[in-house]
Amino acid sequence: MWTVPKPKYRRGSCDEGEIAVNIGGVRVELFGDVLNRYPESRLAVLLNCSTQDHEVISSLCDDFDPGRKEFYFDRDPDAFKCIIDVYYFDEIHIKPGICPICFIKEMEFWKIDQCVLDECCKSYLSEKEEELTEIANKVKVILEDLEVDRFITRTQRCRRFLWRLMEKPGSSLPARVIAIISFLSVLVSALVMCIGTIPELQVKNADDKLVEHPTLEGIDTACMLWFTAEYLLRLASSPNKLHFTLSFMNAIDFLAIMPFYVVLTLTSLGTASMMELANVQQAVQALRIMRIARIFKLARHSSGLQTLTYALKSSLKELGLLLMYMGVGIFVFSALAYTMEQSHPETLFSSIPQSFWWAIITMTTVGYGDIYPKTTLGRCNAAVSFLCGVIAIALPIHPIINNFVVVYNKQRVLETAAKHEVELMELKNGRGVRRKCSN
């Protein structure tokens, strides 16, 4: 069995058919037949070129010692130890502690294709590239906020100021005040919607029906006018109207506003006979219920809720497994409960679909007590379903919590990295020096 000779880390002159390279002070002797396995790599080209051709050698390495036949490279020796693995094992694994983006630049320098990377390193590299893309996007947004273009028109300048005022709470004190007012308006609107359903606080209309109190209705109308003005101002100042309209959070804002005006139109323009129709009344009631969409506006002003949304999105697989486990358990235990309870004359399990409700509240440890087994076998089945439900719910909780922690830490790191990148760009442009001098 043929074994590949290992590289030599030693001092002295190299033997015939070998090449000596010095990577950041670390001398390595490599065998020529091994390097020729990748003839297009930098080391293979350096091995096969003539030592008298100084121009070619100078373009391939930083320095050359003809007496010792040693080539010098001002590169990272730790990264090079990973690079030379491709000549011996036909694959490269990025060791811990090495920046994957910098390592890719090392591979490009040594003219090694990225296809030789191990699969785990490829996935790790793709994650880092996505993080860099997100950092670049955040830096772009920050620079756009800091940018002052002298050649834009007054209308464009006003639009940009309005956009920062309504969309960027951290850009100025007035923008922060507007964000706080929007946040409080959402809370007040949700509170009014809940309080308005209390019978003691309702009043009777001309038809002797309980309706919302006029004071609460006035507060709700004021909140809706604020939401409408906020949405229209953000839409008018948006740089990309189509992207703004199709955005998920903006769609929620529209759904929170739309029912108010539809109900107002039906009640104001509709005739009395039209409003008496059952279908119209049901439509108005459904639109009033849609007011609960306002509570989702809190996600716009809360980074924690946004992080939770991202964490749940990244945990769709675990949530799917949870639903699958619960679905299988509900079907099995409800069928068993129906079968076992048929021998009892006063059974509460009239059918398997009706038993689904019992299985759901049992496996989720709710237990309303409206339906319960009365036989011994049925109670044993209930105990087993309870234990299985606890286990099924507990299994995916840990991965979901880990995803939340990972997403939360990632968002903080990306924000910090973006701010540091902006500071470095300011220092390179000399802005930081001018600020110090002015102070």
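Predicted model: local features only at pLDDT ≥ 70, side-chain atom pairs only at ≥ 80, totals over all residues.

Where does Ser385 lie?

Modeller: Ser385 lies in helix H19, which covers residues 376-394. Ser385 counts as buried because its relative accessibility is 0%, and the cut-off for buried is under 20%. Setting aside residues up to four places away in sequence, Ser385 touches Phe333, Trp358, Thr362 and Met363.

Phe333 and Trp358 are among the members of a core of 13 residues. Phe349 and Ile361 are also among them. In general, nonpolar side chains tend to be buried together in soluble globular proteins.

Now the largest nonpolar core. The largest one has 38 residues. Val21, Leu30, Phe80, Ile92 and Phe103 touch the most other members there. Take Phe103. Leaving out neighbours within four places in sequence, Phe103 is in contact with Ala79, Cys82, Ile83, Ile92, Ile94, Ile98 and Leu117. The core of 13 residues, with Phe333 and Trp358 among its members, lies apart from this one.

Next, a helix pair. Two packed helices are described by the angle between their axes and the distance between the axes. Helix H9 spans residues 173-195 and helix H10 spans residues 214-237. Their axes come within 9 Å and cross at roughly 145°. The crossing of H9 and H10 is left-handed. On the H9 side, the contact includes Ile178, Ile181, Val188 and Ile195. Ser182, Ser185 and Ser189 also take part from H9. H10 contributes Leu216, Ile219, Asp220, Cys223, Trp226, Phe227 and Glu230. The residues of this contact divide into eleven nonpolar, three polar and two charged.

Ala190 is also found in helix H9. Ala190 is buried, because its relative accessible area is 16% and buried means under 20%. The C-alpha atoms of Ala190 and Cys223 are separated by 9.9 Å, with the two residues 33 apart along the chain.

Last, the whole chain. There are 21 helices and six strands. Of the 439 residues, 32% are buried, and Ser385 is one of the buried residues. Among contacts between residues at least 6 apart in sequence, 56% join residues at least 24 apart. The accessible surface comes to about 27200 Å², and carbon and sulfur atoms account for 63% of it.

Note on methods: Residues numbered from 1 in each chain as written. Heavy atoms only, no water. Core = buried A, V, L, I, M, F, W, Y, C linked by side-chain atoms within 4.5 Å. Buried < 20%, exposed > 50% of the residue type's maximum accessible area, 1.4 Å probe, protein only. Contact = heavy atoms within 4.5 Å. Axes fitted to C-alpha atoms, helices over the stretch in contact; angles between N-to-C directions. Helix = DSSP H or I, 4+ residues; strand = E, 2+ residues; numbered from the N terminus. Left-handed = near helix turned anticlockwise from the far one by under 90°. Nonpolar A, V, L, I, M, F, W, Y, C, P; charged D, E, K, R; others polar. Areas by Shrake-Rupley, 256 points an atom, 1.4 Å probe, with all protein chains shown as cover.
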